[in-house]
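Hello,

Here is the structure I said I would pass on. Please open it first, then read the notes below it.

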Amino acid sequence: MLEGSGMDISTSAELSAFVIGVHGDVDLHTAPALDAALAQALRAETPRTVVDLSGTGFADSSILGSLLRALRDHREQGRRLILAGPMSDLVTRLFEVTGTLAAFETAPDVGAAREQ
């Protein structure tokens with residue numbers, strides 16, 4: 001957990017996916033930890049990265065920058081990036097207001113994302 005940040009990131013490499021669990025708020029101060037986990041995912045030899053946002057109650061535009069960069073990097077490597085929920089209303093609203101949700105593959109939960 002990032003000291004005093006209110007965010008915890010867990011990672012696990014599986015055969016079918018590299019799963020990043022984001023728990024807590026993502027903002028300017030905590031986004032670098034998400035960037036680091038996404039970079040770690042790119043180094044893993046899995047066909048997809050799943051970002052589990054079910055534990056994220058709040059996110060500002062910092063998460064969009066992190067995820068859009070990661071999406072570009074994953075596509076350049078021929079890999080998939082999937083956002084898993086269920087997402088909080090605040091997080092969903094951020095994606096909807098910015099028109100970025102359609103850019104991502106999404107899944108209702110991590111289990112479904114592993115199978116996509």
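**A buried arginine**

Arg 48 is buried but forms no salt bridge. The nearest side chain of opposite charge belongs to Glu 105, 6.9 Å away, and a salt bridge would need the charged atoms within 4 Å. Please keep in mind that this is a predicted model.

Where does Arg 48 sit? It is found in strand S3, which covers residues 48–55.

**The nonpolar cores**

The largest nonpolar core has 25 residues, and Ile 20, Val 51 and Ile 63 touch the most other members. Elements giving two or more residues to this core include strand S2 (18–24), helix H1 (31–43) and helix H2 (61–76). Beyond its neighbours within four places in sequence, Ile 63 is in contact with Val 26, Leu 34, Leu 53 and Leu 94. Another core, of eight residues, lies apart from the largest one; among its members are Val 19, Ile 82, Ala 107 and Val 110. In soluble globular proteins, nonpolar side chains tend to be buried together.

**A cis peptide bond**

Most peptide bonds are trans. The bond joining Gly 85 and Pro 86 is cis, with omega about 5°. Pro 86 lies in the loop between S4 and H3.

Regards

Key. Residues numbered from 1 in each chain as written. Predicted model: local features only at pLDDT ≥ 70, side-chain atom pairs only at ≥ 80, totals over all residues. Heavy atoms only, no water. Helix = DSSP H or I, 4+ residues; strand = E, 2+ residues; numbered from the N terminus. Buried < 20%, exposed > 50% of the residue type's maximum accessible area, 1.4 Å probe, protein only. Lys, Arg positive; Asp, Glu negative; His and termini not counted. Core = buried A, V, L, I, M, F, W, Y, C linked by side-chain atoms within 4.5 Å. Contact = heavy atoms within 4.5 Å.
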